[in-house]
Amino acid sequence: MSRDTPVDREESTIQPESGADDDHDDIDYLDREVNLLRPSTPFMRDHLKIIWSSFLLWALVVFGPVTLTALAPEMMTVQTPLFGFPLHYFLVSFGAPTGALILAVVYTRYRDRLDQKYGIDSESVENTAPEAGEPAATDGGVEQ
């Protein structure tokens, strides 16, 4: 290609979709570039919103009590009336794992809704596991 030849940028790069979510059936997801900062399909954009919001909530739940203890130790070291533990200990030992578990449940529910919205059916995926008795790729395969 010579320097004088103009390059068609639309053909050389993958552009993000800018249409409605109704045309997602026409998208060939295997030919799309996966980029976490600029998702190229409506499904990827919606899934990324769920992932980032879940991550931010997780960081708040897990690191919030620790950060508050460093910033306001007099407030976080008071005894809780129910168990008698310091507040920061209760929030870190019980609140953070429980909050992370609840966030995992919330993520799965949102992901299931997203799968329904885009017509993704996990039951229709074929089982690709080898049948019993068939050699696996780790065996070196079958001599032909």
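Helices here are DSSP runs of H or I with at least four residues, numbered from the N terminus. With that in hand, welcome to a predicted model whose chain has four helices and zero strands. From the N terminus on, its elements run α-α-α-α.

**The chain as a whole**
- Of the 144 residues in the chain, 17% are buried.
- The chain exposes about 11700 Å², and carbon and sulfur atoms supply 59% of that area.
- Looking at contacts between residues at least 6 apart in sequence, 47% join residues at least 24 apart.

- Thr 41 counts as buried, because its relative accessibility is 0%.
- The Thr 41 side chain reaches the backbone nitrogen of Met 44 at 3.2 Å.
- His 47 belongs to helix α2, and its relative accessible area of 15% is under the 20% cut-off, so His 47 is buried.
- Beyond its neighbours within four places in sequence, His 47 is in contact with Tyr 107, Arg 111 and Leu 114.
- Trp 52 also lies in helix α2, but here the relative accessibility is 43%, so Trp 52 counts as partly exposed.

**A nonpolar surface patch**
- Trp 52 is one of the residues in a nonpolar patch on the surface, together with Phe 55, Leu 56, Trp 58 and Phe 63.
- Together these patch residues have about 540 Å² of accessible area.

**Segments annotated in UniProt**
- An unreviewed UniProt entry places the feature "transmembrane region" at residues 50-72 and 87-107.
- In the model, residues 50-72 are 96% helix and 0% strand, with the end C-alpha atoms 31 Å apart.
- Residues 87-107 are 100% helix and 0% strand, and their end C-alpha atoms are 28 Å apart.

**Ser 93 in α4**
- Ser 93 has its place in helix α4 (residues 87-117).
- With 39% relative accessibility, Ser 93 counts as partly exposed.
- The side chain of Ser 93 reaches the backbone oxygen of Tyr 89 at 2.7 Å.
- Ser 93 and Val 62 are 31 residues apart along the chain, and their C-alpha atoms are separated by 9.9 Å.

**Salt bridges**
- Side chains of opposite charge can pair when their charged atoms come close.
- The count for this model comes to two salt bridges.
- One of them joins Lys 117 and Asp 46, where the closest N and O atoms are 3.2 Å apart.
- Lys 117 lies in helix α4 and Asp 46 in helix α2, so this pair ties together parts that are 71 residues apart in sequence.
- Lys 117 is partly exposed, with a relative accessible area of 44%, whereas Asp 46 is buried at 14%.
- Arg 111 forms a salt bridge with Asp 115, and the closest N and O atoms are 3.0 Å apart.
- Arg 111 and Asp 115 are four residues apart in helix α4, so about one helical turn separates them.
- Arg 111 counts as partly exposed at 23% relative accessibility, while Asp 115 counts as buried at 14%.

Key
Residues are numbered from 1 along each chain as its sequence is written. This is a predicted model: local features need pLDDT of at least 70, side-chain atom pairs count only at pLDDT 80 or more; totals for chains, interfaces and linings use all residues. Side-chain values use heavy atoms; hydrogens and water are left out. Buried means under 20% relative accessible area, exposed over 50%, partly exposed in between (1.4 Å probe, protein chains only). A polar contact is a pair of N or O atoms within 3.5 Å; within protein, one must be able to donate a hydrogen and the other to accept it, and residues adjacent in sequence count only if both atoms are side-chain atoms. Helices (H or I, at least four residues) and strands (E, at least two) are DSSP runs, numbered from the N terminus. Contact means heavy atoms within 4.5 Å. Accessible areas come from the Shrake-Rupley method with a 1.4 Å probe; for residues, only the protein chains shown count as cover. Patches are made of residues with over 30% relative accessible area and no salt bridge: like charges are joined within 9 Å, nonpolar side chains (Val, Leu, Ile, Met, Phe, Trp, Tyr) within 5 Å. A salt bridge is a side-chain nitrogen of Lys or Arg within 4 Å of a carboxyl oxygen of Asp or Glu. UniProt positions are given in the numbering used here, feature names are shortened, and annotations may be inferred rather than shown by experiment.
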